[in-house]
Structures are given as C-alpha cells and as structure tokens.
Amino acid sequence: MNIKPLGDRVVIKKLEAETTTKSGIVLTGSAKEQPQEAEVVAIGPGAVVDGNRIPMEVAVGNKVLIQNMQEQT
C-alpha cells in the first residue's frame with residue numbers, strides 16, 4: 001500500500017511490545033506495557049508557512065516515541 005500524507009502529517013506503525021525482559025523473564029499478556037515506539041512509514045512534504053515550505057524533520061524508517069493522547073488529562 002502506498003500512502004502519501006498531506007502537509008506536515010506522518011503515518012506511523014506501532015512496534016510490537018517485548019515479550020521477555022532483558023533478564024529473560026517471559027511476560028504475560030497483561031504484564032506487557034503498551035509499545036511507546038513506532039516506525040515512520042510515510043511523511044508528507046512539510047508545512048507551508050508564509051509561502052515557504054518547512055521540510056520534515058523525520059524520515060521514513062526513523063523510530064519515534066509516541067504518546068497515547070487518550071491518557072492525557
């Protein structure tokens with residue numbers, strides 16, 4: 001699938017949660033944390049401010065941290 005976002009939008013894909021800890025302990029489904037990392041899949045051309053295009057600071061393939069907006073209060 002070929003997606004091309006408009007403006008300064010970014011399409012990301014969540015990375016899978018780790019199933020084991022660094023020490024080798026296997027985690028159950030309820031003990032896993034939700035992944036906070038994602039990979040950039042597609043980027044738009046950038047925003048236009050005062051007639052000048054501002055290029056994007058991320059590139060396809062970069063790993064980024066994400067925040068679940070529903071958890072904010």
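A residue is called buried when its relative accessible area is under 20%, exposed when that value is over 50%, and partly exposed in between (1.4 Å probe, protein chains only).

A word on the model itself. The structure is predicted, so local features need pLDDT of at least 70 and side-chain atom pairs count only at pLDDT 80 or more, while totals for chains, interfaces and linings use all residues. Numbering starts from 1 along each chain as its sequence is written, and side-chain values use heavy atoms, with hydrogens and water left out.

Stepping back, the protein has zero helices and five strands (DSSP runs numbered from the N terminus: helices are H or I with at least four residues, strands are E with at least two). Of its 73 residues, 10% count as buried. The accessible surface comes to about 6400 Å², with 51% of it belonging to carbon and sulfur atoms; such areas come from the Shrake-Rupley method with a 1.4 Å probe, and for residues only the protein chains shown count as cover.

Now look at Pro5, in the segment before strand E1 (10-14). Pro5 counts as buried because its relative accessibility is 9%. Leaving aside residues up to four places away in sequence, Pro5 touches Val11, Ala42, Ile43, Gly44 and Pro45, where contact means heavy atoms within 4.5 Å. Pro5 and Pro45 are 40 residues apart along the chain, with their C-alpha atoms separated by 7.9 Å.
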